[in-house]
Number of protein chains: 2
Amino acid sequence: MSAPAAALAPPLYRRLALIGIGLIGSSIARVARRDGLAGEIVCAAKSEASRDAALKLGLVGAAYADPAAAVAGADLVILCTPVGAYAEIAAAIAPHLAPGATLSDVGSVKQAVFRAVGPHVPPGVHFIPGHPVAGTEQSGPEAGFAELFLNRWCILTPPADADAAALERLAEFWRRCGSKVEIMEAGHHDLVLAITSHVPHLIAYNIVATAADLETVTQSEVIKYSAGGFRDFTRIAASDPTMWRDVFLHNREAVLEMLGRFVEDLTALQRAIRWGDGKTLFDLFTRTRAVRRAIIDAGQEVNQPDFGRTGAAAAPE
Amino acid sequence: MSAPAAALAPPLYRRLALIGIGLIGSSIARVARRDGLAGEIVCAAKSEASRDAALKLGLVGAAYADPAAAVAGADLVILCTPVGAYAEIAAAIAPHLAPGATLSDVGSVKQAVFRAVGPHVPPGVHFIPGHPVAGTEQSGPEAGFAELFLNRWCILTPPADADAAALERLAEFWRRCGSKVEIMEAGHHDLVLAITSHVPHLIAYNIVATAADLETVTQSEVIKYSAGGFRDFTRIAASDPTMWRDVFLHNREAVLEMLGRFVEDLTALQRAIRWGDGKTLFDLFTRTRAVRRAIIDAGQEVNQPDFGRTGAAAAPE
C-alpha cells in the first residue's frame with residue numbers, strides 16, 4: 001500500500017526563483033507547486049500586472065520587481081524572460097546569487113545564453129542553461145498550465161566542466177515536471193532548434209504577413225477562407241513577438257543556414273511547378289507523410305485530424 | 001410543436017452520384033444521407049477497396065467501378081477525385097448525363113476545371129464547379145465525417161450564363177450540408193486559394209522535406225524536438241499527395257505569383273535577421289498576431305491553445 005512516489009519525494013530545491021512569469025515561467029510554477037518540487041517559489045517580473053496575476057493565481061509566495069531580491073537565498077534560479085533581457089538581468093542578480101546555487105534558463109537559443117550570462121556568473125554558482133521544447137501560441141502568466149512539459153523534451157546544455165551533482169539535480173527537476181531530459185552541446189542545440197522551431201516560426205510569420213499585404217486578394221478573403229491551410233500558420237504566427245524577435249537576433253547563424261536550405265529546396269519545388277514536373281511533386285509529398293507518421297509514433301503529436309477542426313470541436317446537430 | 005426544419009424538407013435531388021469517395025466525397029455522402037438531401041446516393045470509385053468501404057460504411061446504395069454507370073439517372077453529379085482525373089472522367093460520363101442534371105465538383109482549383117470538364121458538358125446539363133473550403137490531413141472513405149462542412153465556406157464558380165434555378169438549388173444543397181455559400185469568379189478563386197491554401201501547403205511540404213534531408217541534424221532529432229513548431233507543418237504536409245500534386249500542376253500561374261511574393265517578403269526578413277534589425281522583426285510579428293485574432297473572431301478557428309497539445313490532450317496526473 002504505497003502512496004505515489006511524487007507525494008513522498010522531498011522538494012528538490014529549497015527556494016526556486018523564476019525571473020519572468022509568462023507562459024513558461026508560470027507553467028513551471030504550477031507544476032512545481034502542485035508536485036512539491038521546491039520548498040518555496042518566488043518570482044520577479046518587470047510588469048506590475050504580471051506580479052499581481054502571479055500572486056492572485058497563487059503561483060508564487062512572493063513577486064518582486066527587482067530580480068536581485070528574488071534570487072536572494074534561492075538554490076535554483078531560472079531565467080524565463082525573452083533572451084534579449086538576459087545580460088542585464090545576469091549583471092543585476094550576479095552579486096546576490098547564493099554560493100552553490102544553480103542558475104538556469106528556458107531560452108530557445110543556447111550559445112547566445114553562454115555569451116550573455118556566462119561572464120556574470122560568480123564562482124561557486126552552477127550555470128546550466130536549459131530549454132524545455134514546449135509552448136503554445138499564447139503568452140502571459142494566465143496562459144501557463146502544469147501539464148505543459150508532460151512528455152516533452154527538455155534539453156540541457158551544460159558547460160564542459162559542469163558539476164555532475166548539480167546537473168543531475170536539475171535534470172531530475174525537469175523529469176519531475178514531466179519532461180524527458182536530453183544533454184546536448186549548445187551549438188548543436190541551436191542548429192536542431194533552428195530547423196525544428198525557428199525557421200518554421202519565421203516562415204509562418206512570413207506567410208501571414210504576405211497574405212495581409214496583397215492587393216489582388218483582400219484581407220477579409222484571407223480570413224474567410226483560412227480553413228484551407230492558412231489558419232494553421234496563423235496559430236504559430238501568433239506567438240510572442242518579443243520572445244521571437246530575440247530568438248532570431250540571437251541564433252542568427254543557424255537560422256540563416258537553415259533558411260538558406262529551405263529556400264534552395266523551395267526553389268526546386270517552384271521549378272517543378274513551372275515545368276509541370278508532377279513526379280517530383282508527388283514523390284516529395286509522399287516522403288513528407290512518413291515524417292508525420294514518425295512524429296506520431298514518437299508520441300510528440302496526436303493522430304486526431306485537428307486540421308479539420310469542426311469535426312473535433314462541433315457536436316453533430 | 002414543430003419538428004426541426006431539416007427533418008421536414010424534401011430531398012433536393014432525386015439521385016446524387018459522387019465520382020470518388022475519399023475524404024470529401026464520403027463526407028458529402030454522410031451529411032446527405034443523415035439529413036436526407038438526396039433520395040438516393042451512389043458513388044463511383046476506381047479502387048475496389050474504396051467501393052467496398054463505401055458500401056460497408058453504408059455511405060451509398062450502390063458503388064460502381066465505371067463512373068458512367070453511376071451518373072445514369074442522377075440529377076446531381078459531383079466530381080470528388082483529384083483534379084488531374086477530371087478530363088478523362090468527364091469524357092466518359094458525358095454521354096450518360098441526364099438532361100437537366102447538375103454537374104459539379106469539389107476541386108481546389110477552378111479555372112483548370114473549366115478547361116478540363118467544360119468542353120465535354122452536353123447541352124442541357126448545368127455545369128457549376130464548386131469548392132468546399134474544408135478538409136483534414138487524412139484521406140479515404142473512412143476519414144470523412146458529416147460535420148466537415150459545418151460553418152465552412154463553399155465557393156461556387158458558375159459560368160456567366162449559368163441557370164439561376166440550378167445554381168440556387170446547388171447553393172441550397174451546400175447550405176444544408178452546413179456551409180456558407182459564396183459565388184466567385186473562377187480566376188479570382190484560384191488567386192484567393194493560392195495564398196490561403198496552396199502556398200501554405202507548398203511551404204509546409206517543403207520545410208518537412210528540408211528537415212528530413214539535413215546532414216547536421218538527424219531525422220530522429222527533428223522528430224524528437226518537433227513540438228517546437230515543426231509538427232504543425234507536418235500535419236499539413238501529410239495531406240493527400242495525388243490531390244496536391246494536381247493542385248499545383250493545375251493552378252500554376254496563381255501559385256507561382258503568390259510564391260514570388262512570399263519569397264520576396266522572406267528575403268526581407270532574412271536581411272533583417274542578418275543585420276540585426278529587431279524593429280522590423282518585432283513589428284511584423286506583432287502585425288501577424290492581429291490576423292489570427294480576426295480569424296478566430298470570424299469563427300474559422302478555435303481559440304484553444306492547440307499548439308501546446310499536451311495540455312489539451314493529457315489529463316493532469
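**Ground rules.** I number residues from 1 along each chain as its sequence is written, and chains are lettered from A in the order in which they are written. Because the model is predicted, local features need pLDDT of at least 70 and side-chain atom pairs count only at pLDDT 80 or more, while totals for chains, interfaces and linings use all residues.

**Entry 1: domains of chain A.** I looked up how chain A is divided. Domain 1 covers 5–184 and domain 2 covers 189–299; such bounds come from an automatic or database domain assignment. Their C-alpha centres lie 30 Å apart. The contact between them takes 15 residues from domain 1 of chain A and 17 from domain 2 of chain A. I count two residues as in contact if their C-beta atoms, placed from the backbone, lie within 7 Å. On the domain 1 side, I find six nonpolar, seven polar and two charged residues. For these classes, Ala, Val, Leu, Ile, Met, Phe, Trp, Tyr, Cys and Pro count as nonpolar, Asp, Glu, Lys and Arg as charged, and the others, Gly among them, as polar.

**Entry 2: the sheet.** I traced an open sheet of six strands in chain A, in the order β3-β2-β1-β4-β5-β6. The pairing is parallel. Strands here are DSSP runs of E, at least two residues long, and helices are runs of H or I, at least four long, both numbered from the N terminus. Two strands pair if DSSP finds at least two bridges between them. Which strands stand at the edges? They are β3 (62–64) and β6 (126–127) of chain A; each has a single partner strand, so one side of each is left without a neighbour in the sheet. Next I checked β5 (residues 102–105) of chain A, which two bridges join to β6(A). In one bridge, L103(A) has F127(A) as its partner.

**Entry 3: I19(A).** This residue sits in strand β1 (residues 13–19) of chain A. Is I19(A) buried or exposed? I19(A) counts as buried, because it has 29 C-beta neighbours inside 10 Å. The cut-offs are 20 or more other C-beta atoms within 10 Å for buried, 12 or fewer for exposed, and in between for partly exposed. Leaving aside neighbours within four places in sequence, its contacts include A44(A), P67(A), V77(A) and I89(A). I also noted P82(A), 63 residues from I19(A) in sequence and 10 Å away in space, C-alpha to C-alpha.

**Entry 4: the core.** The largest nonpolar core has 217 residues. A nonpolar core is a set of buried Ala, Val, Leu, Ile, Met, Phe, Trp, Tyr and Cys residues joined through C-beta atoms within 7 Å. C43(A), C43(B) and V77(B) touch the most other members. Among the residues that C43(A) touches are L18(A), I21(A), A54(A) and V60(A).

**Entry 5: where the chains meet.** I found 100 residues of chain B in contact with 100 residues of chain A. The largest share of the chain B side, 19 residues, comes from α8(B). That side divides into 57 nonpolar, 24 polar and 19 charged residues.
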